[in-house]
Structures are given as C-alpha cells and as structure tokens.
Amino acid sequence: MTSVALPPRRPRTLDLRFVLTVALIWTVLRALSTVLLVELADNWQDPSVYDDPGVPRYFQFATLWDGQWYEEIATEGYPEELPVGVTGAVRQNAWAFYPIFPFLARTLTAATGQPFAVTGTVVAVLLGYAAAIVVAGLLRERVGTAAALAGVTLLGAYPTSPTFQVAYTESLALLLLAAGLWLLVRRRWLAAGGVALLTGLARPVGLPLGLVALVAVVVRVRRRHEEPVTRGEYAAMAASLAACGLAGLVWPTIAWLRTGVPDAYTQTMSAWRRGEPVTPFWPTIDRVQWLFGDTAGLVVLATGLLLLVVAVAGPWARGLGPELRTWCLGYVLYLFAALDPWTSIYRYLMLLFPLFVVMVGGGWSRDDPRAGRVPRWLMVVRTAAITVLFLGWQVWWGWELFMFVPPQDNPP
C-alpha cells in the first residue's frame with residue numbers, strides 16, 4: 001500500500017494552554033479592580049445610596065448608574081407609555097437601554113432567587129471572561145500569541161475595565177463585537193449577520209460593524225480570481241450586510257411597536273440631551289469647543305482624528321488586517337457622529353481594543369521583515385508600563401466617576 005501524506009493540521013487558536021493563560025491574566029486584573037471597588041464601596045461611597053441592608057455593599061455599589069436602569073428593566077420591564085414631564089417632553093426612561101443584559105440577569109434571578117444586584121454583577125463577570133477569550137483568539141489569529149496576550153492585558157487593565165464586573169453591558173458588548181469581527185475575518189457571513197442582529201438588542205454598534213462587513217465583502221470579492229466566490233457565498237455576504245443594516249433598526253422598531261410612538265427611541269435618547277434633537281457630529285464639535293475654545297477645540301479634534309488614522313493606516317498596524325483596522329476607524333467615526341461626548345467617552349473607547357496591540361508594537365504583519373525588529377522583551381516592557389499607567393488611571397476613574405456623589409454627579 002502507498003501511504004498518502006496528509007496536510008499538517010492547523011493548530012487550534014483557542015487551545016487549552018492559551019485559554020488558561022488568558023483566564024489567569026483576566027483573573028488577576030479583575031482581582032485588582034475588585035480591591036478598588038470594595039475600597040470605594042465600603043469606605044468612600046456616600047452610604048445614602050445603599051437601600052437594601054440584605055445585599056452586601058459591593059453588589060449595591062456595582063448597581064449604581066446605568067445598573068439602576070437595568071435593574072428596573074429586569075424587575076419591572078419596559079414602560080408601555082413614554083413618561084412625559086410638565087412641558088410634554090419625554091423624560092428619561094428605560095427605552096434608552098437594551099434588553100439582552102437585564103433579561104439574562106432576570107433569568108439568573110429566577111433560577112437562583114438572588115436579587116439583581118448579585119445576578120447582574122455575576123452575568124457581567126461571566127460575560128467578561130467569555131469576551132476576553134474571544135478577543136484573545138481573534139487577536140492571536142491576526143498578530144500572534146504574544147501580541148494577543150499583550151492586547152488582552154491592556155484591555156483588562158484599561159481605566160474603565162471595572163465595568164466588566166458591575167451591572168453594565170460592557171462585557172456583553174465586547175463579547176458580541178469580538179465574535180462578530182472574528183466571524184467576518186473568517187468569512188462566516190451568516191453567523192456574523194446573526195451576531196450583528198444580536199448587537200441590535202445589546203449595544204448600538206451595528207452601523208460601524210456594517211462598515212467592517214462591507215470592507216470584508218469587498219476584500220473577498222477582489223480575491224474572486226484566486227478564490228472563486230460561489231452564488232451561495234454571494235447570497236451569504238448580502239445577508240450579512242443586510243443584517244448589519246437591520247441591527248440599527250431592531251430596537252427602535254420594538255420601542256415603536258410597544259409604545260405606539262414611531263420615534264419613541266429617539267425621543268427617549270433626546271431626553272438625555274434635555275430634549276435637544278440628535279444632530280450628527282455637532283454635539284462632539286460643540287463639546288470640544290466648550291472644553292478648549294472655538295479654534296483650539298477644532299485643532300484638538302482634528303489632531304486626534306489624524307493620530308488615529310496614522311496609528312491604524314501605518315505598516316505597524318497591518319497585521320490587524322483590513323477588518324480590525326476598519327473597525328477602529330469606523331467606530332470612532334460613529335462616535336463622532338452619534339455621541340454627545342462627556343465622561344462616558346472613557347467607556348466607549350474601550351471597544352477600540354485592536355489599538356492596544358499597536359501601542360505595544362505588536363501590530364506588524366508577520367510577513368513583514370520589520371516585524372522581527374521588535375524584540376519580545378520590548379513588547380513585554382511596553383505592556384507592563386502601559387498596564388501600570390492604566391491601573392493608576394483606573395483608580396482615578398473609580399474615584400472621580402464611578403463613585404456617586406449625591407445629589408447628582410458626572411456619569412462613568
């Protein structure tokens with residue numbers, strides 16, 4: 001008999017050793033954040049915010065801010081009618097917050113009997129671990145093991161990373177986003193579309209994710225001569241693009257059907273702007289001009305956008321691939337257009353996790369001869385230095401933003 005040589009098996013991206021290493025890094029960083037949150041909750045937070053003596057302070061502290069809205073949704077659901085003030089304008093209400101996270105917490109509450117303060121925190125922690133592993137796997141396929149671990153380390157130490165263990169949707173958003181990006185990188189078009197639809201019920205990132213899908217489709221079509229595209233794949237790509245587009249309409253449509261008000265969602269969102277309509281780009285421009293002055297504000301904004309383009313477009317980021325580079329640019333453009341930037345900007349920028357790889361010098365393409373010029377020890381030193389910086393910044397964030405000073409305070 002003639003033996004037939006089999007092609008070498010491709011090593012699994014998420015092998016056990018790698019997953020355990022990611023989990024260990026994440027656990028250490030979450031433990032450090034826990035020390036910070038416990039210290040703030042027990043010794044510094046105004047005790048007037050604690051209204052349930054049967055629940056440990058840590059869990060009540062973890063349910064401040066948006067967590068209170070998610071608790072309302074988990075325990076009472078969404079209002080059938082939009083609440084209005086004396087002027088007739090819609091007041092802040094639960095329709096501004098997406099349902100997957102509070103419904104997961106409510107399911108765990110039904111199974112365990114624990115209050116939302118506990119189950120919401122537990123759900124966030126578990127989803128955070130899952131998100132860290134998916135992010136690590138995505139980055140490992142693009143830039144290798146060392147750079148992937150460095151990126152996850154900086155993500156876990158990021159100033160707002162305590163939100164991965166409080167009743168916030170950061171864990172869920174990161175998990176769905178990383179999964180959607182990974183599926184697009186792997187050309188799993190239908191699955192990517194399904195994840196995109198889920199983001200429409202978790203976090204409004206469907207629009208920039210759709211831009212990534214469009215770029216992924218264009219890249220694939222341009223390679224059709226080397227790798228022919230079947231009719232089925234064309235249909236799957238179209239379905240993925242359509243799903244990304246629909247993701248941005250799912251929640252506003254549900255709010256309309258439940259309340260009977262066609263623009264229930266946008267009216268609710270405008271309540272956080274004191275009733276002002278949502279005008280693309282202008283809130284960001286207005287904010288930076290208020291902070292830095294009319295001319296200096298525009299200079300600061302333009303400089304920041306230019307630095308982002310340089311960071312993402314240069315050869316030092318080529319290893320990320322077109323999908324992750326497009327995400328970084330598209331997501332910032334989306335924030336610029338749709339966000340009223342203030343103290344919550346720290347949280348929103350956390351989804352730019354591919355940039356962490358570039359910051360430590362791990363974004364070079366592995367086919368680029370210049371990639372070997374970045375010694376492993378230098379990447380370790382950069383990662384350690386930035387991690388220490390981030391942890392110090394995390395203390396400031398927890399003290400200044402997450403800790404609530406009654407009667408009103410800047411949100412985290």
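Tutor: Start with Arg 203 and Glu 170, both of which are buried; buried means under 20% relative accessible area, exposed means over 50%, and partly exposed lies in between, with a 1.4 Å probe and protein chains only. The model is predicted, so local features need a pLDDT of at least 70 and side-chain atom pairs count only at pLDDT 80 or more, while totals for chains, interfaces and linings use all residues. Residues are numbered from 1 along each chain as its sequence is written, and side-chain values use heavy atoms, with hydrogens and water left out.

Side chains of opposite charge can pair when their charged atoms come close. A salt bridge here is a side-chain nitrogen of Lys or Arg within 4 Å of a carboxyl oxygen of Asp or Glu. Arg 203 and Glu 170 form such a bridge, with 2.8 Å from N to O. The two residues come from distant parts of the chain, 33 residues apart: Arg 203 is in the loop between α8 (189-199) and α9 (206-222), and Glu 170 is in helix α7 (residues 170-185). Helices are DSSP runs of H or I with at least four residues, strands are runs of E with at least two, and both are numbered from the N terminus.

By the salt-bridge rule the count is nine. Another of them joins Arg 347 to Asp 66, whose closest N and O atoms are 4.0 Å apart. This pair also links distant parts of the chain, since Arg 347 lies in helix α15 (residues 345-348) and Asp 66 in helix α3, 281 residues apart. Arg 347 counts as buried because its relative accessible area is 5%.

A further bridge is formed by Glu 233 and Arg 220, with the closest N and O atoms 2.9 Å apart. Glu 233 belongs to helix α10 (residues 231-259) and Arg 220 to helix α9, and the two are 13 residues apart, again linking distant parts of the chain. Glu 233 and Arg 220 are both buried. Through shared partners, salt bridges join Asp 66, Glu 170, Arg 203 and Arg 347 into one network.

Some charges instead belong to a surface patch. Asp 51, Asp 52, Glu 71 and Glu 76 form a negative one. Patches are made of residues with over 30% relative accessible area and no salt bridge, joining like charges within 9 Å and nonpolar side chains (Val, Leu, Ile, Met, Phe, Trp, Tyr) within 5 Å. Lys and Arg count as positive, Asp and Glu as negative, and His and the chain ends are not counted. A charge is placed at NZ of Lys, CZ of Arg, CG of Asp or CD of Glu. Accessible areas come from the Shrake-Rupley method with a 1.4 Å probe, and for residues only the protein chains shown count as cover. Glu 71 is in helix α3 (residues 66-76), and counts as partly exposed because its relative accessibility is 31%.

There is also a nonpolar surface patch of about 430 Å², made by Trp 290, Leu 291, Phe 292 and Val 300. Helix α12 (residues 282-292) supplies its largest share, three residues. Trp 290 is in helix α12, and is exposed because its relative accessible area is 59%.

Next, the backbone. Most residues other than glycine have a negative phi, and most peptide bonds are trans. Trp 65, in the loop between α2 (57-61) and α3, has a positive phi of about 60° although it is not a glycine. With 15% relative accessibility, Trp 65 counts as buried. Phe 281, in the loop between α11 (264-271) and α12, also has a positive phi, near 75°. A cis peptide bond, with omega of about 5°, joins Pro 406 and Pro 407.

Last, the cysteines. A disulfide is a pair of cysteine sulfur atoms within 2.5 Å, and by this rule the count is zero. The sulfur of Cys 244 has its closest cysteine sulfur, in Cys 328, 17 Å away, so the two are too far apart for a bond. Cys 244 is buried at 4% relative accessible area, and Cys 328 is buried at 0%.
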